[in-house]
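Biologist: I would like to learn how to read pockets, cavities and aromatic pairs in a model. Could we walk through one together?

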Amino acid sequence: MSAESLNNELVGLLPGFKSEYAEVNGTQIHYVIGGQGEPLVLIPGYPETWWAYHKVMPALAEKYCVIVVEMRGMGNSAKPTLGYEKKNMAKDIYELVQKLGFDTVSIGGHDIGAHVAFSFANNYSEVTTKLIMLDTPHPDAGMYQLPMLPILGGNYTYPWWLAFNQVKDLPEQLLEGRMDLVINWLFDHLVYNKESITDFDKQVYTTAYNSKEAIRASNAWYQAFPQDIEDSKSYGKLTMPVLGIGGSGYEMLKMSLPHTTSNLTLKEVKECGHFLLAEKPEAVSKEIIHFLETV
């Protein structure tokens with residue numbers, strides 16, 4: 001099945017949502033939109049697609065116009081050779097927001113998507129009503145201190161893919177048609193409840209990432225980290241309300257977000273790994289709705 005056919009099948013599983021495309025900032029972006037109310041833009045991360053939000057989209061769409069965006073390089077969005085700095089990817093989202101006719105939006109992201117959402121809030125603060133960070137802070141200079149080797153006796157999952165994805169050309173040669181190896185490994189090691197990610201989910205993501213072009217583009221998100229870190233040095237403290245929801249990444253949010261925000265709400269999701277949208281969708285959607293309605 002082609003990626004486009006699979007996408008249409010997936011959207012068909014969510015009544016009230018439709019698949020759309022937009023030309024923005026010199027590239028084509030795919031997004032899935034549904035619901036009514038104030039706009040809520042959501043961005044997935046690695047190694048997922050818009051499908052990462054499928055468990056929370058129906059609940060959120062009861063109260064908001066939900067726009068789940070596949071950022072450049074992801075899924076059915078275009079995969080240009082350049083432009084993967086999060087500041088530029090935030091411009092993609094900004095131009096999409098303008099095309100959709102929204103004056104202001106709330107925006108959230110998970111993993112790499114959280115990087116883009118954070119950059120959006122900093123570079124387009126006048127458009128950002130509220131910001132939601134799911135399990136991952138924006139890259140900062142502390143990333144340069146990540147150890148090259150696993151720490152002896154350390155109770156953590158060594159993030160080898162952060163370094164591996166920095167390598168140009170080689171990953172796509174090794175992994176073309178074999179991304180299931182990486183995707184299965186990540187979901188086996190970064191979730192608390194392995195049953196929360198189905199074989200069907202894994203196949204959806206494998207289909208999206210299996211080509212050389214997709215591997216090259218998704219690695220480019222990581223290869224832009226040094227520039228993202230440099231860009232972050234110019235960001236002041238965010239003044240809009242910010243919600244940080246963390247599973248295994250809660251401590252990282254707790255360390256990072258108080259230094260970059262001035263109106264912060266932190267929530268920890270217990271017994272949950274990195275992929276909290278899949279593992280604890282009810283808890284996540286409840287926290288998001290409460291934050292948007294009351295803070």
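Biologist: Let me start with the rings. How many aromatic pairs does the structure hold?

Modeller: Happy to begin there, and please keep in mind that this is a predicted model. The structure holds 16 aromatic pairs. To read one, take the distance between ring centres and then the angle between planes, since an angle over 60 degrees counts as edge-to-face. Tyrosine 46 and tyrosine 209 are such a case: with 5.9 Å between the ring centres and 85° between the planes, the pair is edge-to-face.

Biologist: Which parts of the chain does that pair tie together?

Modeller: Tyrosine 46 sits in the loop between strand S3 (38-43) and helix H2 (57-61), while tyrosine 209 belongs to helix H8 (residues 199-209), so the pair links parts 163 residues apart in sequence. Tyrosine 46 and tyrosine 209 are both buried.

Biologist: Which residues form an aromatic cluster?

Modeller: Tyr46, Tyr209, Trp221, Tyr222 and Phe225 form one.

Biologist: Now the open spaces. What is the volume of the largest pocket, and which residues lie closest to its centre?

Modeller: The volume of the largest pocket is about 1500 Å³. Its lining has 47 residues, and Met143, Leu146, Pro159, Leu162 and Met252 are the closest to the centre. By class, that lining has 30 nonpolar, 13 polar and four charged residues. Helices H4 (112-123), H5 (160-164), H7 (179-189), H10 (225-232) and H11 (250-260) each supply at least two lining residues.

Biologist: And what does the lining of the second largest pocket look like by class?

Modeller: There we find five nonpolar, four polar and five charged residues. This pocket holds about 290 Å³ of space. Among its 14 lining residues, Thr81, Tyr84, Lys168, Ala220 and Gln223 lie nearest the centre. Helix H9 (residues 212-223) gives the largest share of the lining, three residues.

Biologist: How many cavities of 30 Å³ or more does a search find?

Modeller: A cavity is a space where the probe fits but cannot get out. The search of the whole structure finds three of 30 Å³ or more. The largest cavity has about 100 Å³, and its lining includes Asn7, Trp50, Glu70 and Asn76. Helix H1 (3-12) and H8 each give two or more residues to that lining, and H1 has the largest share, with four. The second largest cavity has about 50 Å³. Its lining includes Glu48, Asp201 and Tyr205, and H8 and helix H12 (276-279) each give two or more residues to it.

Biologist: To finish, which side chains make polar contacts with the side chain of histidine 30?

Modeller: Asparagine 7 does, at 3.4 Å, and serine 19 does, at 2.5 Å. Histidine 30 is in strand S2 (residues 27-34), and at 0% relative accessibility it counts as buried.

Notes: Residues numbered from 1 in each chain as written. Predicted model: local features only at pLDDT ≥ 70, side-chain atom pairs only at ≥ 80, totals over all residues. Heavy atoms only, no water. 1 Å grid on protein atoms, 1.4 Å probe; cavity = no way out; pocket = protein on both sides within 12 Å on 5 of 7 lines; lining within 4 Å. Points joined across faces, edges and corners; volume = space filled by probe spheres on them. Nonpolar A, V, L, I, M, F, W, Y, C, P; charged D, E, K, R; others polar. Buried < 20%, exposed > 50% of the residue type's maximum accessible area, 1.4 Å probe, protein only. Polar contact = N/O pair within 3.5 Å; in protein donor to acceptor, adjacent residues only side chain to side chain. Phe/Tyr/Trp six-rings, centres within 6.5 Å; stacked < 30°, edge-to-face > 60°.
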